[in-house]
Amino acid sequence: MKSCMGHILEVDLTDGTIVKKKVPELVYDQVLSGKGLGAWYLYKHIPPGADPLGADNIIGFVSGALTGTGALMCGRWMVVTKSPLTGGWGDANCGGNFSPAIKQCGVDAIFFKGISEKPVYLYMDDGVCELRDASEYWGMDAVEAELKLQESKSGKRKPAVAVIGTAGENLSLIAGVCNEGGRIAARSGVGAVMGSKKLKAVVLAGSQKIDCVDKEKVKELSKDLAAKVKKAYPPGVMKGRIYGTLGKVMGTLPLSMPLDGPTNVAPLRKWGTSVNTVMAVNMGDGPVKNWGGVPKDVPALAKSFDPDKILVRETKKYHCYACPLGCGGVIDISDINDGEFAHTHKPEYETIEAFGPLLLNNKLESIFYINELLNRAGMDSISAGNTIAYAIECFENGLIDKNETGGLELKWGNDQDIVKLVKMMVVREGIGDKLADGVRKAVEHFGPETAKYAMHVGGQEPGMHDSRFDPQLAVHFMTEPAPGKHTIGSGGMYGNMALWDICSWAPTAKPHPKKADHIPNEDIGIASCATACYSMLVDGAGGCYYGQLMGVHMWKLIDYLNAAAGWERTGDEFLEMGKRIQTLRHMFNIKHGIKPADRHLPKRMQGDPPLRSGPLKNVTTLADQQAKYHWQAMGYDPETGIPKEETIEALNIPSLLALEAEVI
Amino acid sequence: MIRVRVTAPPGCSRRKLDEKGWMELPDGARLSDVLKALRMPKLLARLLMVSINGAVASPDTELADGDSIAFFSMISGG
């Protein structure tokens, strides 16, 4: 595939060897780059039973097949590994500027195995590729270390840096990998794997050219997309509060309506994802009080989380690489906590929700501060928020006492003690040590009677979207090889994407009674299958979730891929490719002892018992039953979730796995 | 002829939409023609923030082939 570099780098941290290898063309042809390349490589090279924090585990930094080609919203990089949080497939995805930097060093992926004796980082540019001593950076937070590491460049080019903070160094199982002073590949505990290998950072300063087949076509597609994005901006009179009202209306309506992807653009350009908070809570999408509350539990919800209150602090917009949208931003927080931090990246919806309504904390300033603490520590805000919610509920029910908390009053909305607890988790101090590995590990410390307050799927805490609100999301939480992730699919996403425009077998979404979503059926299974397959395609290309959400009629991924690779493939053929990637990731899990059908949603997240008021009143979702339709549509055994032999054969996976990268 | 995608709210007439939500219109058609086909009052369309390709649009906006017309938005993820 001309848009890929055709090579990978293998680094053995135990003996310090670095080898560049050529990847067979058929690999790109079958699974693209990104997670596809990562799944192919990790399946082959991580032995069953490998300790995720041991020498046998491998961690890969992977770029996307469209990154650097001129395709817009295709600058995501991914970290792939065996997750210490779930024991199975792990990955995390991030924007920033690191994805093109990988390819500009002449490779599509860098894989690390082994464990270094002392802290190291990999430095790579056009002439140098070496492991360097990172002792002076070990102990630094991710923001500080990134700036210092950029100074270590050998040439003129400013390097892109992927780096862990103290959470990764301390092997927190909810640690991520940071880039650009506040973007984070947060999920699956990937930062702990780096920490276990004593790998502080990857520093890339190459300048190699990234090519593709039909540059003119790629340019034409990008020009069209950029023009549409530029036009979409909310009118000046429109205030962020209107979205909260809209959420109330949508929460009340008995109907579920497919939404049009392009309508996401305007609010994202103006406010970013924070525009979602009040709306999501009001409609039942945003979980409240450790998934057990309702919108009215959140004190002054609309006023406290008004997105204009965040916007007023914004000092500049932030665009990831090759992104016309710019949903990110930098906000001034110099007035908070005696000016400890001058600014922070604008907190995303997930962070605001996880440290706001989920904890009944309506002090927005505390969330800005926590956002920066977590970005610097390199800790996943979704997992951290869910874990603190668990701790508060345990405290409230007398299962954790003040002796264990070191005097902290873990109460709903107690922002000061929530901040203290975050700090303790980051440095593994006191109770923070027990909570720094997420809720599943915390239950091991605090006892099985606390398990009912631990919201996780297969070990990973769920994203901030309610499975009772969107039963397709419930299925993805459970069936995704890296469980609990909110970005793989949902019913809302399905409507936005309009996959039926490119895929002959994807059912068209239409307005329907909300109740119908909760009755397991084959059509929903086919829709969730199509979504999972398309999501894998997006990740193979290095695409952005918000491009995906714009819909296939605005962000034309299929056209981009055909133009970049010189293919004439149909949407159906591309979704088959997505299914191949997803199946490889499932096979990885099975190889490592994961039983897909054993992964369930916590009862509370299923609506068992249902909430007694609010937009999710009396809702129970039959996720286990719906998952069977999903497995069936994927070509897996509907009872076990294990891919059928004929499916694996039909996807050409055995011949793909027989291929080897060759030393050059 | 041009084809535009319409994500119509409930209560509208879907008579002129095909199975996948597309509507055929003559060249030079305007947004108001779509609203008329959906039997939606203009005032209601404004209240529901009618947009073309995500940009709020007035009823007299001329449509292009492939345009996507919708009435409100929701965001997830982040």
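Two residues are in contact if their C-beta atoms, placed from the backbone, lie within 7 Å. The model is predicted: local features need pLDDT of at least 70 and side-chain atom pairs pLDDT 80 or more, while totals for chains, interfaces and linings use all residues. Residues are numbered from 1 along each chain as its sequence is written, and chains are lettered from A in the order in which they are written.

**Exercise 1.** Describe the side of chain A that touches chain B.

*Solution.* 
- Step 1. Contacts join 39 residues of chain A to 22 residues of chain B.
- Step 2. Helices here are DSSP runs of H or I with at least four residues, strands are runs of E with at least two, and both are numbered from the N terminus. At least two residues each come from α7 (215-231), α9 (265-270), α10 (276-283), α13 (349-355), α21 (491-497) and α23 (545-550) of chain A.
- Step 3. α9(A) gives the most, four residues.
- Step 4. Ala, Val, Leu, Ile, Met, Phe, Trp, Tyr, Cys and Pro count as nonpolar, Asp, Glu, Lys and Arg as charged, and the others, Gly among them, as polar. This side of chain A then has 21 nonpolar, eleven polar and seven charged residues.

**Exercise 2.** Locate the domains of chain A and describe how domain 1 of chain A meets domain 3 of chain A.

*Solution.* 
- Step 1. An automatic or database domain assignment supplies the bounds: domain 1 (7-204), domain 2 (239-244 + 260-453) and domain 3 (471-658).
- Step 2. Over C-alpha atoms, the centres of domain 1 and domain 3 of chain A are 26 Å apart.
- Step 3. Domain 1 of chain A puts 39 residues into the contact and domain 3 of chain A puts in 31.
- Step 4. On the domain 1 side, α1 (25-31), α2 (34-45), β4 (77-82) and β5 (89-94) of chain A give two or more residues. The largest share, eight residues, is from α2(A).

**Exercise 3.** Check the span of helix α22 (residues 522-541) of chain A and its burial.

*Solution.* 
- Step 1. The expected span is 1.5 Å times one less than the number of residues.
- Step 2. A residue is buried if 20 or more other C-beta atoms, placed from the backbone, lie within 10 Å of its own. In α22(A) 17 of the 20 residues are buried, so the helix is largely enclosed by the rest of the structure.
- Step 3. Gly542(A) follows α22(A) and has a positive phi, near 85°.

How values were computed. A residue is buried if 20 or more other C-beta atoms lie within 10 Å of its own, exposed if 12 or fewer, and partly exposed in between; C-beta atoms are placed from the backbone.
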